[in-house]
Amino acid sequence: MPLEIKKVGVIGAGQMGNGIAHVCALAGYDVALHDADPDRIRSGLATINGNMAKQVSRGVVTEEARHEALGRIVAAEKVEGLSECDLVIESATEKEEVKRKIFAGLCAVVKPEAMLASNTSSISITRLAASTDRPERFIGIHFMNPVPLMELVELVRGIATDDDTFESSKQFVTRLHKTYAVAEDFPAFIVNRILLPMINEAIYTLYEGVGSVDSIDRAMKLGANHPMGPLQLADFIGLDTCLAVMQVLHEGLADSKYRPCPLLVKYVEAGWLGRKTQRGFYDYRGEKPVPTR
Ligand SMILES: CC(=O)CC(=O)SCCNC(=O)CCNC(=O)[C@H](O)C(C)(C)COP(=O)(O)OP(=O)(O)OC[C@H]1O[C@@H](n2cnc3c(N)ncnc32)[C@H](O)[C@@H]1OP(=O)(O)O
Ligand SMILES: NC(=O)C1=CN([C@@H]2O[C@H](COP(=O)(O)OP(=O)(O)OC[C@H]3O[C@@H](n4cnc5c(N)ncnc54)[C@H](OP(=O)(O)O)[C@@H]3O)[C@@H](O)[C@H]2O)C=CC1
């Protein structure tokens, strides 16, 4: 029987975690939001508040729905605060060892029947599941950024994921008013298998001097009708996440066509991770974003 989900835990209160908490609360789920850093939970809650206010001003959400949804989210400063959750979605930094540690701590506190999910962009669901005490109740639920605006969620079954977990996940995604695409568990699944090599190629195009940041983004926006240029999108996703996905593709598929661009590596090494650190291919510290190359 599919599990009835009432309370959802979210681990990682960064840009994706706060978006996931946002849409879950609006869909009527009780939500517990956890992060290693309590300040991150506070800023995540403030972001949710601001993004819901935007939705109210656009007439997408009523003031009453916003008020109720905000009331459904609690801050869980300790992982024990997730013990009552029926589903916990991990959305922390894209590093396998970080995620494994989180799941080890989580398994010790959640109910045995609770489902666990990862919002990973690229890492093997089968491997993450195998690090838990319940691989059959583990699944990839991969949201797209920005979560409140993007319709798609990828569902990724690990080798052991059982049918009830898959069914419960489909019902969950549908209740969030989103559409799922099912992806097999191979490096970076569907969206990022296609999108990230395109972004990496845009960075090579910059690295090799074929075009400036401005030209590359303008070319793809106006020449291919993309809503954002690839470098603007890379900054939006986070350059650390982009690099992590390319590394998973490169290692997992052992093909040199996935080699991360050295310029992407350099930006990450500089700590210029895009919008979240105020600097990436653009500098966001002024009134308008200014290209950094
Ligand atoms: C890396 C991974 O693992 C997977 C991924 O997610 S890859 C990334 C996938 N995402 C994309 O490719 C996004 C590409 N970009 C887009 O589709 C669009 O630029 C966009 C949807 C982000 C924005 O579209 P846009 O037409 O430029 O709209 P924009 O004017 O910025 O925003 C639309 C409205 O939504 C609001 N909005 C923006 N972000 C929001 C959020 N997080 N929550 C609520 N509202 C939000 C804006 O305030 C705006 O409202 P107003 O019109 O009242 O100002
Ligand atoms: N950005 C995107 O476009 C998308 C990202 N994803 C995936 O979502 C996940 C999160 O990405 P995103 O939100 O962008 O990243 P962010 O860097 O914005 O947020 C990650 C958050 O996780 C926190 N964190 C790190 N370690 C732990 C831990 N041990 N316990 C609890 N919290 C921790 C970080 O805290 P601190 O900063 O203090 O380390 C940070 O607040 C990644 O797996 C990413 O691949 C999926 C879809 C789209």
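Predicted model: local features only at pLDDT ≥ 70, side-chain atom pairs only at ≥ 80, totals over all residues.

User: What span should α10 have, and what do its end C-alpha atoms give?
Analyst: α10 runs over residues 239-253, so 15 residues at 1.5 Å a residue should span 21 Å. Its end C-alpha atoms are 21 Å apart, which agrees.

User: What happens just after α10?
Analyst: Ala254 comes there, with a positive phi of about 50 degrees.

User: Back to α7 and α9. At what angle do they pack?
Analyst: About 120 degrees, with the axes of α7 (residues 191-207) and α9 (residues 230-237) 9 Å apart. The two helices are therefore oblique to each other.

User: Left-handed or right-handed crossing?
Analyst: α7 and α9 cross in a left-handed way. On the α7 side the contact is made by Met198, Ile199, Ala202 and Leu206, and α9 brings Pro230, Leu231, Leu233 and Ala234. By class that contact has eight nonpolar residues, with no polar and no charged ones.

User: OK, switching to α2 and α3. How do they sit relative to each other, parallel or antiparallel?
Analyst: α2 (residues 38-57) and α3 (residues 63-71) cross at roughly 165 degrees, and their axes come within 9 Å. Angles over 145 degrees count as roughly antiparallel, so α2 and α3 are roughly antiparallel to each other. The crossing of α2 past α3 is right-handed.

User: Which residues meet there?
Analyst: From α2 you have Asn49, Met52 and Val56, meeting Glu63, Arg66, Ala69 and Leu70 of α3. By class, the α2 contact with α3 counts four nonpolar, one polar and two charged residues.

User: Last one: where is Ala117, and is it buried or exposed?
Analyst: Ala117 is in strand β5 (residues 115-118). With 30 other C-beta atoms within 10 Å, Ala117 is buried, because 20 or more is what counts as buried.

User: What does Ala117 touch?
Analyst: Leaving out residues up to four places away in sequence, Ala117 touches Leu87, Ile89, Ile139, Gly140 and Ile141.

Terms used. Residues numbered from 1 in each chain as written. Chains lettered and ligands numbered in written order. Axes fitted to C-alpha atoms, helices over the stretch in contact; angles between N-to-C directions. Helix = DSSP H or I, 4+ residues; strand = E, 2+ residues; numbered from the N terminus. Parallel < 35°, antiparallel > 145°, perpendicular 65-115°, else oblique. Left-handed = near helix turned anticlockwise from the far one by under 90°. Contact = placed C-beta atoms within 7 Å. Nonpolar A, V, L, I, M, F, W, Y, C, P; charged D, E, K, R; others polar. Expected span 1.5 Å × (residues − 1). Buried ≥ 20, exposed ≤ 12 C-beta atoms within 10 Å, placed from the backbone.
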